[in-house]
Amino acid sequence: MRVFKDAGHLFRFAGLFLVAFLLFLLVRGRVVPKSFGEYGHYRGNAIRDIAALPVRFAGHQACATCHADVEEVKQKGKHAGVNCEACHGPLAKHTDDPGTLTPPKLDTAALCVRCHAASAARPRNFPQIAEDHFGGVACETCHQPHSPAVDAGGAQ
Amino acid sequence: MTISRRHLLIMLPAAAVAWKYVLAGTPESAPNYRKSEHWWSMLIDIPECIGCGNCVRACQAENDVPDGFFRTWVEMYHVSDENMVNPVVISPDGGKEGFPAVAKEDEGKYFFVPKLCNHCADSPCTQVCPVGATFITPDGVVLIDQTYCLGCAYCVQACPYGCRYIHPEKKVADKCTLCYHRITKGLTTACCESCPTGARQLADLKNPNDPIHEFLKTHSVQVLKPQLATGAKVFYNALDGSVR
């Protein structure tokens, strides 16, 4: 055909382009993870990887399962809404196997003031204690931390 | 269209059966987590925050956040008469160890503002990522695929809330995951778990029984920088106009 008489170089170029395109598809197929695009323009397995990370805070339900007695005391006092791990720290290791990790006893003199030290910046209706209130005596001498009102059982 | 008596009689029992299922409602607690059934958000009740820093410590313990970096932090605002527009904001070590006590005679108002990733529905940070390493999940959580991230920090600059940082050891972007590994297991986030006053509440906007719906109806709630239309999903109750 006369039209393609001098078009040999075009076909060679098109062939080269096709080979390069196929190579691109091959490489792309190899390097793009299978789950990419499962939910959108990202690796779907990334969601599962993040969801599989270990938990450090066991959650309030786990504590209450065994320590129902403490939970009962707590529910009657002002600290009813405070979860165990808010003061005792992350204890998933303890709930997984109570033998391996025993939560340390807390130093109430340092712990309580974290929330209750008097400061004008705190909400006005929130119970706050002035620095001279306790005179160096540990809070638990008078206040049972799980139910802190003095007349609600007081010292343990 | 008219319905004949014959057709009505045929349809009645079918309608009765259908109505029974409507009354029964959806089955309780599906055994498997379904992404399509959730749309996570958080509620922050500013008048309840006492600035104890429990959330910051809990977040660092739960997520191995390196020292000096924060996925959540607490700011203390001091708005005085002379400085209504540019208040004094402090956040010593992210508020991790609390804040210096404020004497009563100081002028102006003080309050605490806990901050974290807003898990925006139309987030600028996910839009600028050149490699598809950050994204919003079908259940509304903005996450980072750290095996894909190049560490280019475009997203760090794009976040209008300053919620992202480059991890000093991994050299990739890092941020709040809304404790995705916890909420998909039926737990609440570490910050909400350890908040003593309930100032932080995890909320599921797709769950009709979530107390957030009642709360949003009965309180003055705002998101941060609403003018940016990021679709932020961290709702602040009683947010002061000076908060940036």
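Chain B has a mean pLDDT of 90 in this predicted model, and 91% of its residues reach 70 or more. Over residues 24–30 of chain B, the pLDDT is below 50. Beyond near neighbours in sequence, residues 24–30 make zero contacts in the model. Where pLDDT is low, predicted coordinates should not be read in detail.

Chain A averages a pLDDT of 89. Of its residues, 94% score at least 70. Among the helices of chain A, confidence is highest in α2 (residues 44–51), at a mean of 95. Confidence in chain A is lowest in helix α7 (residues 108–116), where the mean is 88.

The domain assignment divides chain A into domain 1 (8–51) and domain 2 (60–152). The centres of these two domains, taken over C-alpha atoms, lie 56 Å apart.

The two chains touch. Chain B contributes 46 residues to the contact, and chain A contributes 33 residues. Together they bury about 3,100 Å². Carbon and sulfur atoms account for 61% of this buried area.

Polar interactions also link the chains. Between chain B and chain A, 16 residue pairs are in polar contact, with both residues at pLDDT 80 or more. Several elements of chain B supply at least two residues each to the side that touches chain A. The helices are α2 (54–63), α5 (180–183) and α6 (190–194). The strands are β4 (109–116), β5 (134–136) and β6 (142–144). Helix α2 of chain B gives the most to this side, with five residues. By class, the side of chain B that touches chain A holds 26 nonpolar, ten polar and ten charged residues.

Charged pairs were counted separately. Two salt bridges join chain B and chain A. One of them pairs B:D64 with A:R56. In this salt bridge, the closest N and O atoms are 3.0 Å apart.

Definitions and conventions:
Residues are numbered from 1 along each chain as its sequence is written. Chains are lettered from A and ligands numbered from 1 in the order in which they are written. This is a predicted model: local features need pLDDT of at least 70, side-chain atom pairs count only at pLDDT 80 or more; totals for chains, interfaces and linings use all residues. Side-chain values use heavy atoms; hydrogens and water are left out. Contact means heavy atoms within 4.5 Å. Buried area is the accessible area (1.4 Å probe) that two parts lose on being put together, summed over both. A salt bridge is a side-chain nitrogen of Lys or Arg within 4 Å of a carboxyl oxygen of Asp or Glu. A polar contact is a pair of N or O atoms within 3.5 Å; within protein, one must be able to donate a hydrogen and the other to accept it, and residues adjacent in sequence count only if both atoms are side-chain atoms. Helices (H or I, at least four residues) and strands (E, at least two) are DSSP runs, numbered from the N terminus. Ala, Val, Leu, Ile, Met, Phe, Trp, Tyr, Cys and Pro count as nonpolar, Asp, Glu, Lys and Arg as charged, and the others, Gly among them, as polar. Domain bounds come from an automatic or database domain assignment. pLDDT is the predictor's confidence in each residue, from 0 to 100.
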